Amino acid sequence: MVQNLIKNLPAQEQLSVLGEMKDEYDDLAESEQFGVVMSSVKKLMPRLQAIQFKLQFEEQMNNIKPDVVSVTAACEELMKSQAFTKLLEITLLVGNYMNAGSRNGKAFGFTISYLCKLRDTKSADLKQTLLHFLAEVCQEQYPDVMSFTDELIHVEKASRVSAETLQKNLELMGRQIKSLEKDLETFPPPQNDKDLFAEKMSSFVATAREQHEKLDLLHKNMEKQYNDLGEFFVFDPKKISAEEFFGDLNTFKNMFLQAVKENQKRKEAEEKIKRAKLAREKAEKEKEEKLKKNQLLDINAEGDETGIMDGLLEALQSGAAFRRKRGPRQAANHRRAGHAVTNILAKELMQEDAPTSSKVPAKKKKSEEKEEPKLEGAESLEELLDAAPTRSN
C-alpha cells in the first residue's frame, strides 16, 4: 500500500492546489478529498519513504545476511577440506603423467575452472572420460577423497551469490539509514498528539544502524576470506568473482557425483554381461558333456550286443546254456535239443573218421540210435539251432 501510494501520489504543486480547496471538501470527489487530507501532512514524501524503508528493512537484512554467511562458510570449508586438497593433488598427478614430455608436463598447478574440463578428455573407445577415470581411482584407491562432496556444503549456495549485487544492496541500506537520520534531525515538531513519526523512527534508526554495522563487518570478513582463498588457490579475486569461482566448483562437484553413478552403472552392466557369458559357457559345456555321454552310451550299447552274441555262442559250445534252471517242459525240450546237438556233432565226427570206425557192430549202433531222442527234420547243427526254442534273453 505504501509503495502504491508513493508511486501514484500527485506532485507537490497539485497537492498544494487541493489543499486550498479544503473549504469545498464536501463538494469534491473521493479521490480529491483524499488529496486534500494528504496535503495537510508536512513532509509527506519523506515520511512515506521512511515508512517504506522501515517495513522493508527486515526483508533486506534476510536477503543479504544469508548470502554473506554462505560465501564465508564456503571459503572456510575449502580452506579446511583435506579431501578436496588430496583430490587436486591426484588430478595434478594424472595431468602431469598424461602430459609427460610436452610443454604442459611438470606443472605446479592448474585453475579451478580446469576441473570442469576433465569431462572433455575421453578414452580411445570413447566410453570413458578423464573424470570417470579420476572418480574410479579415488573410489578404489583413495576412498577418503570421496567425502569432499559432503565437506563442501555451502558451495552450492555460494555459487548463487553475486558479490557485486551484495555490495550494492549493503551500500544502499547504509545510504537509506543515513538519509533517514538527516531527515529526523530537521524534522518539524509533531502536528498533534497522534503524530508519533519522529519518535518511532528515531528508535528504529538506532536499531537499523547497529544491525547494518554488524552486517557490514560480516561482509568485510567475507571479502577477506575470499581474498585469502584467492591467495591459497593462486587466482586474482578481483578478476574472478565469487559467483564464478564457486559456480565452477559446484559444477565440478555435481559432475563428479554423476561420474561416480555412471561408473557404478557401467560396472553393474559389465558384471551382468560377465554372468550371462559364464552361464552361456556353462550351458554349452553341459550340453557337450551330455552329448559325449550319449555317444558313449551308444558305443557301449553296440558293444553289449556283440558281447551277448559272443556269450551265446560260447554258452552253446560249452553246454552252459542248457544247465540253467527252466520249467519242466522247457527244460525237457532243451535237454532233448542238447542230446540232439551232441549226437549230430558225433555223427559228423564219425563220418569224418568213417574208415577207422567201420568195424563198429551194426547192432550196437542201432541200439544207440534207439536210445537217442530225435528232433524231426533236424539233419544238421544249423537246422537244429533253427528248430530249437529261442532264448528269452
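How many cavities of 30 Å³ or more does a search of the whole structure find? One. Keep in mind that this model is predicted.

**Stop 1: the cavity**

Select Thr91, Val94, Gly95, Tyr114, Leu118, Leu130 and Leu134. These residues line the largest cavity. Its volume is about 40 Å³. Now colour α5 and α6, the elements that each give two or more residues to this lining. Which of the elements gives the most? It is α5, with three residues. Next, colour the lining by class. Five residues are nonpolar and two are polar, while none is charged.

**Stop 2**

In soluble globular proteins, nonpolar side chains tend to be buried together. Look for that here. The largest nonpolar core has 58 residues, and Phe84 and Phe246 touch the most other members. Show α4 (44-80), α5 (82-98), α6 (130-141), α8 (155-158), α9 (163-185), α10 (197-232) and α11 (242-318). Each of these helices supplies at least two residues of the core. The largest share, ten residues, comes from α4. Colour by domain next. Domain 2 (43-75 + 155-240) and domain 3 (78-152 + 243-261) each contribute at least three residues to this core.

**Stop 3: around Phe84**

Zoom in on Phe84. What does Phe84 contact, leaving aside neighbours within four places in sequence? Select Leu78, Ile112, Leu115, Phe148, Leu152, Phe233 and Leu249 to see these partners.

**Stop 4: a second core**

Finally, select Val2, Leu9, Met38 and Leu48. They are among the seven residues of a second, separate core.

Key: Residues are numbered from 1 along each chain as its sequence is written. This is a predicted model: local features need pLDDT of at least 70, side-chain atom pairs count only at pLDDT 80 or more; totals for chains, interfaces and linings use all residues. Side-chain values use heavy atoms; hydrogens and water are left out. A nonpolar core is a set of buried Ala, Val, Leu, Ile, Met, Phe, Trp, Tyr and Cys residues joined through side-chain atoms within 4.5 Å. Buried means under 20% relative accessible area, exposed over 50%, partly exposed in between (1.4 Å probe, protein chains only). Helices (H or I, at least four residues) and strands (E, at least two) are DSSP runs, numbered from the N terminus. Domain bounds come from an automatic or database domain assignment. Contact means heavy atoms within 4.5 Å. On a 1 Å grid over the protein atoms alone, a cavity is a set of points where a 1.4 Å probe fits but cannot get out, and a pocket is an open set with protein on both sides within 12 Å along at least five of seven lines; lining residues have an atom within 4 Å of a point. Grid points are joined across faces, edges and corners, and a volume is the space filled by probe spheres set on the points. Ala, Val, Leu, Ile, Met, Phe, Trp, Tyr, Cys and Pro count as nonpolar, Asp, Glu, Lys and Arg as charged, and the others, Gly among them, as polar.
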